[in-house]
Amino acid sequence: MCIRDRYQRRVRGLCTLLSVNKMGRRPARCYRFCKNKPYPKSRYCRGVPDAKIRNFDIGKRKAGVEDFPLTYHCVSRELEQITAEALEAARIQCNKYMVKKANKESFHMRIRCHPFHVNRINKMLSCAGADRLQTGMRQSYGKPYGVSARVRIGQVLLSLRTKDAFAPVAMEALRRARMKFPGRQVVVKSKFWGFTDVVREEYEELRDSGKLEIRGQHVKRITAKGKISMVNLMADRE
């Protein structure tokens with residue numbers, strides 16, 4: 001065997017050792033449970049891939065507080081981690097169903113949890129001679145692989161506000177969206193007006209009496225506090 005053939009054979013063997021089998025994404029069940037401390041992106045944790053979900057508000061985002069009084073929430077019933085891919089799949093599913101059954105100007109949905117936790121993977125070589133290069137579980141601290149959101153029991157995952165006429169459509173849209181998540185979730189009807197903190201039974205009365213200051217998608221109660229003005233001067237008096 002000549003020197004040239006020996007060199008080519010050595011290079012070919014080295015490339016075989018360093019090559020890693022191209023596989024699909026690791027299943028989300030590998031990162032479902034909150035086992036360790038939160039591991040966010042920082043100056044120490046670099047090279048984190050971007051989250052699949054980029055848009056956390058869909059529908060008619062600029063709709064005022066008066067447009068959509070009805071609100072439904074998708075609430076988590078487990079302590080777990082939800083990947084960014086699952087959040088994006090739920091967003092697409094809910095948006096598609098609402099646009100199809102209602103229209104794109106009849107709702108506003110907001111994703112309430114954000115994927116800040118970084119998942120890691122310890123890539124293993126699965127080729128000829130790999131046992132000479134890798135060390136198994138020794139020094140097995142992995143590289144950043146993806147991001148997920150750490151949610152707790154009772155945390156709101158999705159919120160959707162719409163008109164009263166589209167109540168069944170909104171419930172079905174959130175039911176289909178929660179199928180993209182692991183674990184258990186429930187769809188509940190909110191007692192508040194839209195995305196505000198004012199109960200629906202009190203909203204119209206407070207609004208007509210001038211005790212609410214409308215600020216786009218939410219309202220602020222006017223109380224006898226702060227700098228004295230004509231707005232809050234008679235706030236606490238009936």
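**A chat about strands, salt bridges and cysteines**

A: Happy to! Strand S3 and strand S6 (residues 143-151) pair in the antiparallel sense, over four bridges. This is a predicted model, where local features need pLDDT of at least 70 and side-chain atom pairs count only at pLDDT 80 or more, while totals for chains, interfaces and linings use all residues. Residues are numbered from 1 along each chain as its sequence is written, and side-chain values use heavy atoms, with hydrogens and water left out.

Q: What do the strand and helix labels stand for, and when do two strands pair?

A: Helices (H or I, at least four residues) and strands (E, at least two) are DSSP runs, numbered from the N terminus. Two strands pair if DSSP finds at least two bridges between them.

Q: Which residue of S6 stands opposite Ile 82?

A: That is Ala 149.

Q: And which way do the residues of S3 point?

A: Glu 80 and Ile 82 point one way, Gln 81 and Thr 83 the other way, and all are buried. Buried means under 20% relative accessible area, exposed over 50%, and partly exposed in between (1.4 Å probe, protein chains only).

Q: What is the strand order in the open sheet of five strands?

A: The order is S1-S4-S7-S2-S8, with antiparallel pairing. S1 and S8 stand at the edges with a single partner strand each, so one side of each has no neighbour in the sheet. On average, neighbouring strands of this sheet are turned by 15° against each other, direction ignored.

Q: What holds strands together in general?

A: Strands of a sheet pair through backbone hydrogen bonds, either parallel or antiparallel.

Q: Back to S1: how many bridges does S1 make with S4?

A: Three, and S1 pairs with S4 (residues 107-111) in the antiparallel sense. Gly 59 has His 108 in S4 as its bridge partner.

Q: Which strands does helix H2 touch?

A: H2 packs on the sheet and touches S1, S4 and strand S7 (156-162). The direction of H2 makes about 175° with that of S4. Contact means heavy atoms within 4.5 Å; axes are lines fitted to C-alpha atoms, for helices over the stretch in contact, and angles run from 0 to 180 degrees between N-to-C directions.

Q: Where does H3 lie?

A: H3 lies across S2, S4, S7 and S8, and runs at about 20° to S2.

Q: New topic: how many salt bridges does a search of the whole structure find?

A: The search finds 13. A salt bridge is a side-chain nitrogen of Lys or Arg within 4 Å of a carboxyl oxygen of Asp or Glu.

Q: Which residue does Arg 25 form a salt bridge with?

A: With Glu 85, and their closest N and O atoms are 3.4 Å apart. Arg 25 is in the loop between helix H1 (3-18) and strand S1 (57-59), Glu 85 is in helix H2 (residues 84-101), and the two are 60 residues apart, so the pair links distant parts of the chain. Arg 25 counts as partly exposed at 46% relative accessibility, and Glu 85 is partly exposed too, at 26%.

Q: What about Arg 184 and Glu 78, how do their side chains meet?

A: They meet in a salt bridge (3.3 Å, N to O). Arg 184 sits in the loop between helix H3 (167-178) and strand S8 (185-189), and Glu 78 in the loop between strand S2 (70-76) and strand S3 (80-83), 106 residues apart.

Q: Is each of these two buried or exposed?

A: Arg 184 is exposed, with a relative accessible area of 53%, whereas Glu 78 is buried at 16%.

Q: Where is Gln 155?

A: Gln 155 lies in the loop between S6 and S7, and counts as buried at 14% relative accessibility. Its neighbours in contact include Cys 74, Cys 113 and Arg 150.

Conventions:
Lists of a residue's contacts leave out its neighbours within four places in sequence.
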